Amino acid sequence: MQAESVAFTHRGAVREHNEDAFVELPDSGLWLVADGMGGHRAGDVASQLICDTVTRAWRQHGGTPGKVELEQAIQQANQRIRQFGREELAGQTLGSTVVALLIERDVYHLFWAGDSRCYRFRDNEVTQLSRDHSQVADMVEKGVLDEREADRHPLAHIITRAVGVEDALTLDYRSGQVEPGDYFLLCSDGVSKKLGNAEIRDLLNGGPIYDVSQAMMHSLLINGCDDNITCVIVSMPEL
């Protein structure tokens, strides 16, 4: 199945700089969102290094690598970010979240670290496929915090895993079947903290994905999003 996709990134309504980045390679079945951390320049560099490293790996493999090569490319980006911090920023720690989706025929592969998310829209239902690596997600899992309060909690911005922060990076992985008519949505937390599942569902019911993407960005901006916003929407063809 050949997917269609559309993407946007914006610094948002408050931030002066955009530390998000994305990869959109529909012909290769690959999409990725990265949300940098560590301040201006550092965050920019971390997220872009992930995108550049993965894109270069794809080109070196002729545009048809698989999930093993994707994981290896993200691991290589981890080392490149660590090296940049040591050599260019006097040992400063910088990092980035990542969520990467690879679709091979009728199977999806999902890798992630941090709180950038992947959702699937199927049969008019939105499902979060990734699980945030964050303090509040851990609190919800332990029953200390109600899930409805998580995104508004004072510690919601603190993540527990990111690319470039440690020498050893552990990526979470999930795979599953792709069905005709599926939508996948990858986004940074600037999007997910403003749009709940119901809002995402309503937007994805709004017609062609380009129109959906524009409506989503407009909605986020007019509601004063206080973070960078990045989103990739992937649409699988109907039978």
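Student: Which residue meets the side chain of Arg201 in a salt bridge?

Tutor: Please keep in mind that this is a predicted model. A salt bridge here requires a side-chain nitrogen of Lys or Arg within 4 Å of a carboxyl oxygen of Asp or Glu. The N to O distance for this pair is 3.5 Å, and the partner of Arg201 is Asp202.

Student: Is Arg201 buried, partly exposed or exposed?

Tutor: Buried means under 20% relative accessible area and exposed means over 50%, with partly exposed in between. The relative accessible area of Arg201 is 30%, so this residue is partly exposed.

Student: How many salt bridges are there by this rule?

Tutor: Side chains of opposite charge can pair when their charged atoms come close. Among the linked residues are Asp115, Asp189 and Lys193, which are joined in a network of salt bridges. By the rule, the count of salt bridges comes to 9.

Student: How many residues apart are Arg15 and Asp227, the partners in another salt bridge?

Tutor: The closest N and O atoms of Arg15 and Asp227 are 3.3 Å apart. Arg15 is in the loop between E1 and E2, while Asp227 is in the loop between helix H6 (209-222) and strand E10 (229-235). The pair thus links distant parts of the chain, and the separation is 212 residues.

Student: Of these two partners, is Asp227 buried or exposed?

Tutor: Arg15 has a relative accessible area of 37% and is partly exposed. For Asp227 the relative accessible area is 14%, and the cut-off for buried is under 20%. Asp227 is therefore buried.

Student: Where does Arg161, which forms a salt bridge with Asp172, lie?

Tutor: The closest N and O atoms of Arg161 and Asp172 are 3.2 Å apart. Asp172 lies in strand E8, and the pair ties together parts that are 11 residues apart in sequence. Arg161 itself lies in the loop between helix H3 (135-141) and strand E8 (172-177).

Technical notes:
Residues numbered from 1 in each chain as written. Predicted model: local features only at pLDDT ≥ 70, side-chain atom pairs only at ≥ 80, totals over all residues. Heavy atoms only, no water. Helix = DSSP H or I, 4+ residues; strand = E, 2+ residues; numbered from the N terminus. Buried < 20%, exposed > 50% of the residue type's maximum accessible area, 1.4 Å probe, protein only.
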